[in-house]
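Welcome to a short tour, taken one selection at a time. Keep your viewer open and follow along.

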Amino acid sequence: MTDLIVARGLGKSFGTTRALDGVNFRVESGRIVGLIGPNGAGKTTALKALLGLTRFEGELSVLGLNPYLQRHRLMQDVCFIADVAVLPRWIRVAQLIDFVAATHPRFRSEVCEHFLSRSDVRKSSRVKELSKGMVTQLHLALVMAIDAKLLVLDEPTLGLDILMRKQFYETLLNEYFDEQRTILVTTHQVEEVEHILTDLLFIDRGRIVLDAAMDEVQESYAQVSVRPEHVAAARTHKPIAERQGLGRTHMLFRGVARPELERLGEVGVPSVADLFVAVIQGARA
Amino acid sequence: MSRFLWLVRRELWEHKAIWVAPVVVIGCLIVLVLTGNVHLGPGGALDHSAAFDELPAQVQLRVLMVVYAGLALVVFMVMGVVAFFYSLDALYADRRDRSVLFWKSMPLSDVETVLSKYAVALVVIPLVAVAGAIVAQFVVATGGAAKLSVAGISAGFMFRPEAILGGISIALLWCVTAVLWYAPVISYLMLASAWAPRGPFLWAVLPPVALWVLERVVVGSEYVGDFITERLFGLYGLLGERRGGEDVLEGDFQSEMTELSNVDPIGSLRDFYGSPELWLGVAAAAALLAAAIWVRRYRDETS
């Protein structure tokens, strides 16, 4: 496996605010990485730096290129969908496909049309006549027809209904993703992506607070529904989070041996959302 | 088709005014011709067909060329307005509708993108203008021929190749000159379009106007104002200059026509082609264009 993205000491300031404060991480190829953080954590700034849309401090290499200085070369192998990257409203679907086919060396019209044939998007429509969900389907069809090495998705399902969101990720996982490809996704709707992610990157206040593969997370973190009589004993293992619910105390542990935990209550895999809350609160404390 | 031509094509999809405007002008002209409202020559002078027929052939021909050139000028002015608003919009429209990041997600350099838009303003729109001027000439020639044949004059007169070709050559020369003359203005508008946070019209117009007023109030001189008005309207002073009068003909109509035939559509354009002003303008256009590309490339689009 090769490193697709390498960031060392990545930094970016807006005035006196440090949007990115010396961030280090690597992304290997063939992974689906969730970049997750609260609002204003630096997610979008990090993605913009990766896509060559903003100046940054430190070292950043994407596919071996400096994204800021070599953006248009990088764009041959990188695709992105962002809530900020909307399709032009005046263009017709057919024109858009023709244009991308003519200007993108890795775009295959027939793949795009295959995806569109399953949607309600008609090729004669203008983008402004399409519903928000149809525009996203169109954008996804365009992007999935590009044989790119890295796909960056920034809140791609914002404003879509739950059926659309589910369909979006299913198509992405089943028909697009393979070992040659890498997907970097940011979203607030963590529950929707947690089953497809292979890696987690938590970011808060411009710093990476968790960088782990999903299977590592499942090994070292455990969620336990502690029985009332074991609460005091459980606390001696220093849970990183604790909340009350349905007569049980739910605690999140890190690096505590499994048999130990099983004596305290039912052990389960923590959801990414629970883990996220715990890690962020821990980092801020 | 090359990528660059596709980029140009995209502009024509987006900015329909480029071909709608000349079609509307020609359409209006056709309506005027059909309703008999086209009066040839200033004040319908050519409508006095019988009198016109008595003019010397050389004068007739020159008058006709001036009429055709004047027609071209109308089309050019309309296309000039189109080019003005196109340039202001070219690097702003996709930022306003936020599609700029989609375009930037394509493997296209900002140099290519800006140059394609510049080529639309400086090559495509002028070519459309020349084509529109030629069509307008033929519309009026046809209408005029119909009128003349009613008056019993050979309809072929309106289609005299010297007059038609003369009109077309003048249109081409004017067009090339206007392109060179307005290239720095177009570059400046594109820079404003790339840079303006919103409302590029105001961002383009206010700074020079502010400088103008400031200079006038503080220093009391008008160099900025003169410079701006010269660059915007000076071209028209070079056109239509009169040749030395050869008032040999008698009578109001006769002398009016002679005077008209003495209008030299090329005027003092020669002076412009020989002047350093031309090259300074081209250099300024290149510098402003480079600035527009730089702003487009390095502008942070989302903050």
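This is a predicted model: local features need pLDDT of at least 70, side-chain atom pairs count only at pLDDT 80 or more; totals for chains, interfaces and linings use all residues.

**Stop 1: chain A as a whole**

How many of its 285 residues count as buried? The share is 43%. Now think about contacts in chain A with a separation of 6 or more: 68% of them link residues 24 or more positions apart.

**Stop 2: the six-stranded sheet**

Next, colour the strands β5, β6, β7, β3, β8 and β9 of chain A. In that order they make an open sheet of six strands, and the pairing is mixed. Look at the two edges, where you will find β5 (78–82) and β9 (207–213) of chain A. Each of these has a single partner strand, so one side of each is left without a neighbour in the sheet. From one strand to the next, the twist averages 15°.

Now zoom in on β3 (residues 32–36) and β7 (residues 182–186) of chain A. These two strands pair in the parallel sense over three bridges. Which residue of β7(A) stands opposite V33(A)? It is L184(A).

**Stop 3: the nonpolar cores**

Select V78(A), L138(A), A141(A), V152(A) and F202(A), and show their side chains. These are the residues with the most contacts inside the largest nonpolar core, which has 93 residues. Helix α5 (residues 132–144) of chain A gives the most to this core, contributing seven residues. Why does the core lie between two domains of chain A? Both domain 1 (3–205) and domain 2 (216–284) give residues to it, so it lies between them.

Stay with V78(A) for a moment. Which residues is V78(A) in contact with, leaving aside its neighbours within four places in sequence? They are L51(A), V62(A), A148(A), L150(A) and V152(A). Apart from this core lies another, of 63 residues; C175(B), W181(B), A285(B) and L289(B) are among them.

**Stop 4**

Where they meet, eight residues of domain 1 of chain A are in contact with eight residues of domain 2 of chain A.

On the domain 1 side, the elements that give two or more residues are α7 (190–193) and β8 (199–204) of chain A. The largest share, three residues, comes from β8(A). Sorted by type, the residues on this side of domain 1 are five nonpolar, no polar and three charged.

**Stop 5: a closer look at Y176(A)**

Select Y176(A), which sits in helix α6 (residues 162–176) of chain A. Not counting residues up to four places away in sequence, Y176(A) touches M144(A) and T171(A). Select V143(A) as well: it is 33 residues from Y176(A) along the chain, and their C-alpha atoms are separated by 9.7 Å.

**Stop 6**

Finally, bring in chain B. It has 13 helices and two strands. Of its 303 residues, 35% are buried. In chain B, residues 24 or more positions apart account for 80% of the contacts with a separation of 6 or more.

To see where the chains meet, display both together: 21 residues from chain B and 23 residues from chain A take part in the contact. On the chain B side, α1 (3–14) and α6 (100–104) each supply at least two residues. The largest share of that side, five residues, comes from α1(B). By type, the chain B side divides into eight nonpolar, four polar and nine charged residues.

How values were computed. Residues are numbered from 1 along each chain as its sequence is written. Chains are lettered from A and ligands numbered from 1 in the order in which they are written. A nonpolar core is a set of buried Ala, Val, Leu, Ile, Met, Phe, Trp, Tyr and Cys residues joined through C-beta atoms within 7 Å. A residue is buried if 20 or more other C-beta atoms lie within 10 Å of its own, exposed if 12 or fewer, and partly exposed in between; C-beta atoms are placed from the backbone. Helices (H or I, at least four residues) and strands (E, at least two) are DSSP runs, numbered from the N terminus. Domain bounds come from an automatic or database domain assignment. Two residues are in contact if their C-beta atoms, placed from the backbone, lie within 7 Å. Ala, Val, Leu, Ile, Met, Phe, Trp, Tyr, Cys and Pro count as nonpolar, Asp, Glu, Lys and Arg as charged, and the others, Gly among them, as polar. Two strands pair if DSSP finds at least two bridges between them. Axes are lines fitted to C-alpha atoms, for helices over the stretch in contact, and angles run from 0 to 180 degrees between N-to-C directions.
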